[in-house]
Amino acid sequence: MAQVELKNLSKKYGKVTAVQNMDLIIPHNQFLVLVGPSGCGKSTTLRMIAGLEEITGGEIFINDERVNDKDPKDRNVSMVFQNYALYPHMSVEENLGFSLKIAKVKSEEIEKRVNEAVSILGLEDLRSRKPSQLSGGQRQRVAMGRAIVRRPDAFLFDEPLSNLDAKLRTQMRTEIKKLHQKLKTTIIYVTHDQVEAMTLADRIIIMKDGYIEQIGSPIEVFSKPTNVFVATFIGSPPMNIFSAEIINSNNNIKIKLDDNLYFDCTEDQKNKLQNKKNIFLGIRAEDIMPVENNINTSFWSFKRNVDIVEPLGTETQLFITINDKEIISRMYNPYAVNVGDELTFQVDPSKVHFFDKETEKAII
Amino acid sequence: MKKFLNGPWVLLLPTLIILTCVVLLPLLISLWTSFTPFKLTKPDTLYRFVGFRNYERLIGDIDFWIAFGRTVLFLAIALNLELVFGLGIALLINKITYGQRTLRTLMMFPMMFSPILVGFQWKYIFNDNIGLLNNFLREFGVIQPIPWLVDGVLANISIMAAEIWSSTSVFAILLLAGLLGIPKDPLEAARVDGCNSWQVFKNITLPFLMPFVFIAMTIRSLDVARAYDIVQMMTGGGPAKRTELLWTLISRTGYVDAKMGMANAMSYISIFLSIAFTFFFFYKLMQSRQQLSYE
Ligand SMILES: Nc1ncnc2c1ncn2[C@@H]1O[C@H](COP(=O)(O)OP(=O)(O)OP(=O)(O)O)[C@@H](O)[C@H]1O
Ligand SMILES: [Mg+2]
């Protein structure tokens, strides 16, 4: 049960600014994911909430109580570290029960809660092992168990899955999601893996260089990115971005991609683009569709030779060139395509994103 | 014979010869002398075998056992105090972020002096007439000079102070190395898990440090068990044998009284002390390493 609130939070290491004026309210029971490239300040934010890092500016509130000057032990949050940070000299059981022992909880209660965590995480056979005798995935589960037994106000996860192999990661992702539904606690989860962010989050925060670039639900940040950075960071493969020019001649607005590619725009887009000259245009790979016949006349369409073909099974990625820029198109229900084939591609204009060329912000 | 010359023995031969000359022969000779009434002044006594007579006499020798007991006590007190001070220094130095290297070097200074000089220096400090300490105390109104090296109890304390001053840095250095090697993550995890500083120290830091504590203990127990120079310089075992440790007693017996046979018998008994301590600390070292599951 906790609401975590960050007010104008900043962190500086000497001249390096790790986190810049962060404002955020995380309501009770929300699964919040902090995502961003390496070095953007995710860990620093988390560590400030945990109390492991001193705050340079701003305030942190947990359940409306200001915790800036509180020791980590008085904040009742638990943290799962990237490297698990298990106590090497304690068995799995002792690792799990340690925080309760420190809190002077009665031994029957400790046993009860440890048993509970052990069965939730499937650690039955490992109870008396030392961390050095566990595999990465098992250590990861112990680290989570250690966080669970405390029944904290909030969980802080710092890239807990980054050391696991792909299969185990997917599996643990599901486990964490289940755990959240079961425990109903606030979770702040740091990752630089956007798939993890999309699948787990109630709400995603995309950070860059210490700033928040966008906050929103997974669907929101995917379908309505507020700037070029978010557009290319969320989604895989990254959104295609082109330079384009707005040609405004006798009240008819056209978008010019290169000398031979001019597209009309919708009424709605006309209003948005009227006063613009140079823009960035963003189209996701799945919105550039190769078509054989039934061409939709209201869509943009153009012909291109395929440079590279990458079959992935359920889909095939086609690489084409527009205005010297490499563009990826995703073909669902793939059929055989050879390098050099000329295909017709179509784009639904309503799926196109526009960004200001100067500010790189979405044009709305 | 041919097989022997080609075998692994040939390769080991140089080592075996050196070991025999350097270790085995002196050991055997000294062991032999402990069964004779060998006196340095009468060389022919070396060949008179008297069986266990030296050992039998030692068992009834109160002076020897008092020196033995004092050495054990000295060792126990000095080692524990050095551990406490060394740990304190290491923890403090580990906290500071600026000038750590300089301090680490400074801390080694006492170890750079010969123990003879240390004994000499401390003898001067503790001298009841002209010593620095008594002069200093006089400034604060202690008119009556304190007989640091003359009173039996005070003399032992003075020697202990010199010993601790010169060797605490062994503990400090080793424990600092231990502290620097502790991973940061478990410490932070413990803080988030609800520990205050003392609980973090007790539950996480200390288990990590224990192997280093026992390594330092092993080294220092061997050192102290053969303590000689400082005591010899400061009191020579006096007054009235009140600061006599095993090795001052042994050297007096061997070189002053010239009873080398007896002295060697004493040495053989005292070696068991060192072996016992080494064995004990090594056992504890292994145990603490196992705790951390390094093994
Ligand atoms: N102790 C420190 N001293 C100086 N600078 C630091 C320190 N810790 C972090 N930084 C800097 O602060 C910035 C943010 O670091 P942080 O660890 O929060 O990044 P992150 O988003 O967690 O990255 P990653 O995904 O690689 O873990 C980085 O530029 C980093 O270099
Ligand atoms: Mg990080």
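In the predicted model, helices H9(B) and H10(B) cross in a right-handed sense. Two packed helices are described by the angle between their axes and the distance between the axes; here, H9(B), spanning residues 184-192, and H10(B), spanning residues 197-225, pack at an angle of about 145 degrees, and their axes lie 10 Å apart. On the side of H9(B) the contact is made by Pro186(B), Leu187(B), Ala190(B) and Arg191(B), while H10(B) contributes Val200(B), Ile204(B) and Thr205(B). Of the residues in this contact between H9(B) and H10(B), five are nonpolar, one is polar and one is charged.

In chain A, strand S1(A), residues 4-13, runs antiparallel to strand S2(A), residues 16-26, and the two are joined by seven bridges. Within this pairing, Leu9(A) is found opposite Met22(A) of S2(A). The two strands S1(A) and S2(A) form a hairpin with two residues between them, and Gly14(A), located in the turn, adopts a positive phi of about 60 degrees.

The contact between the chains draws 24 residues from chain A and 21 residues from chain B, and the area buried between chain A and chain B amounts to about 1,900 Å², with carbon and sulfur atoms giving 58% of this area. On the chain A side, the residues that lose the most area to chain B are Lys73(A), His89(A) and Ile102(A), which together account for 29% of what that side buries.

As to confidence, the average pLDDT of chain A is 89, and 100% of its residues score at least 70. Within chain A, the lowest confidence falls in helix H9(A), residues 267-273, with a mean of 82, whereas the highest, at 95, is reached in strand S3(A), residues 31-35.

Note on methods
Residues are numbered from 1 along each chain as its sequence is written. Chains are lettered from A and ligands numbered from 1 in the order in which they are written. This is a predicted model: local features need pLDDT of at least 70, side-chain atom pairs count only at pLDDT 80 or more; totals for chains, interfaces and linings use all residues. Side-chain values use heavy atoms; hydrogens and water are left out. Two strands pair if DSSP finds at least two bridges between them. Helices (H or I, at least four residues) and strands (E, at least two) are DSSP runs, numbered from the N terminus. Axes are lines fitted to C-alpha atoms, for helices over the stretch in contact, and angles run from 0 to 180 degrees between N-to-C directions. A crossing is left-handed if the near helix is turned anticlockwise from the far one by less than a right angle, and right-handed if clockwise. Contact means heavy atoms within 4.5 Å. Ala, Val, Leu, Ile, Met, Phe, Trp, Tyr, Cys and Pro count as nonpolar, Asp, Glu, Lys and Arg as charged, and the others, Gly among them, as polar. pLDDT is the predictor's confidence in each residue, from 0 to 100. Buried area is the accessible area (1.4 Å probe) that two parts lose on being put together, summed over both.
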